[in-house]
Amino acid sequence: MQWIADTSAGAWLRERLDDTPATMHGVVPHGFPAYARIFHPAVVRSLPDRAVPTSDEWERMPEAEQQRLLEQFVDAPATWAETAAAFGTTMHPFAQWNRIVRTPADGDWRQRISPDAREFTAPIEGELGAALLSVIAGHLVAHTSTPDAGYAAVWEGYGGLLGFFGHTPSRAFLTVDDDPNHQAMLDRSTHDPFNNVFRKPTWQEGILSREISEGPRLSLPDRDHVLFSAPPRVFADPEWVQQVPWRDRPAEEHGFPPAALSPSILWPEDRAWVMVSEIDFDSTIVAGPVDLIREICADDRLEALQIPEGTDLTWDADLVNR
């Protein structure tokens with residue numbers, strides 16, 4: 001698995017995408033026999049012996065009571081179907097999260113409290129968890145003649161992925177340091193406006209090397225990606241994070257566990273299917289043969305429904321839960 005400077009392997013995608021995102025085909029290629037929409041899981045938070053406080057109730061609560069409740073919260077994955085049941089809405093292939101949780105015009109769709117006093121947090125957009133991707137990939141590799149040859153594209157806009165010229169790093173890792181001299185140095189470096197004015201930009205390292213960071217991109221409508229050779233079979237392994245070139249090693253050096261972004265686009269060399277996790281979508285789309293789509297939708301480890309070509313996945317597309 002390695003970076004590819006020649007992005008021509010992805011030219012076929014561009015030919016099958018619409019220039020305007022009126023439907024999902026601004027990011028998902030046309031021309032496949034069938035399509036599945038895999039819904040990213042939400043998170044439901046509950047308290048064992050009382051309703052989840054509203055934001056106003058939380059603000060009025062004494063700090064000691066807040067701390068006591070924080071220790072009692074229980075978080076669990078939630079399906080869209082479970083969420084719809086909690087809010088009295090309808091789950092269907094074209095459902096949109098803001099409509100599922102009955103978000104008012106001026107409300108926050110990211111966190112909503114259901115009538116049964118549970119707090120639902122919206123699914124993560126544009127990314128699959130490592131375990132969930134491995135489940136999907138298990139189906140994908142069974143429906144290609146080239147499971148050991150393929151491509152993965154990662155959206156270039158993720159913070160920290162690419163290096164750049166600038167004055168400060170794209171992210172900071174918090175550390176605890178008891179050395180007063182070191183802390184004084186940090187204070188001076190962040191509060192010295194005279195030096196900041198004349199300081200020249202320097203190269204700020206990202207997860208990927210400078211060569212890759214400054215290299216060619218797979219350019220698609222409104223999105224540029226870093227392209228890698230990537231055998232699809234790798235992602236069927238739950239430990240695929242350990243094998244990808246965009247593994248977040250800088251974070252590991254600061255004590256974080258191994259982690260890596262899921263591919264934005266994944267396809268095999270024979271182009272039998274394509275998987276798209278668009279950065280602004282709270283679901284992943286797989287396009288491919290009918291048997292593959294049927295298997296994905298039947299897997300009870302996934303929440304997936306078949307959708308037709310030309311599906312509109314914009315926020316106003318949910319006509320059922322108006």
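**Strands and charged side chains**

Student: Which residue in β11 is the bridge partner of tryptophan 3?
Tutor: This is a predicted model, in which local features need pLDDT of at least 70 and side-chain atom pairs count only at pLDDT 80 or more, while totals for chains, interfaces and linings use all residues. Residues are numbered from 1 along each chain as its sequence is written, and side-chain values use heavy atoms, with hydrogens and water left out. Strands are DSSP runs (E, at least two residues; helices are H or I, at least four), numbered from the N terminus, and two of them pair if DSSP finds at least two bridges between them. Strand β1 (residues 2-3) pairs with β11 in the antiparallel sense over two bridges, and in β11 the partner of tryptophan 3 is phenylalanine 228.

Student: How many bridges join strand β7 to β11?
Tutor: Strand β7 covers residues 150-155 and runs antiparallel to β11. Tryptophan 155 stands opposite histidine 225 in β11. The number of bridges joining β7 to β11 is five.

Student: Which residue in the turn of the β10 and β11 hairpin has a positive phi?
Tutor: Strand β10 (residues 218-220) pairs with β11 in the antiparallel sense over three bridges, with serine 219 opposite aspartate 224. Two residues lie between the strands of this hairpin, and the one with a positive phi, about 65 degrees, is aspartate 222.

Student: Is strand β11 largely enclosed or largely open?
Tutor: Here, buried means under 20% relative accessible area, exposed over 50% and partly exposed in between (1.4 Å probe, protein chains only). Strand β11 spans residues 223-229, and because five of its seven residues are buried, it is largely enclosed.

Student: How far from buried glutamate 303 is the nearest side chain of opposite charge?
Tutor: Glutamate 303 is in the loop between α11 (290-298) and β15 (304-307). Lys and Arg count as positive and Asp and Glu as negative, with His and the chain ends not counted. A salt bridge needs a side-chain nitrogen of Lys or Arg within 4 Å of a carboxyl oxygen of Asp or Glu. Glutamate 303 has none, and the distance to arginine 37 is 9.3 Å.

Student: How many residues apart in sequence are the parts tied together by arginine 233 and aspartate 148?
Tutor: These two form a salt bridge, with closest N and O atoms 2.8 Å apart. Arginine 233 lies in the loop between β11 and α10 (249-253) and aspartate 148 in the loop between α6 (130-140) and β7, so the separation in sequence is 85 residues.
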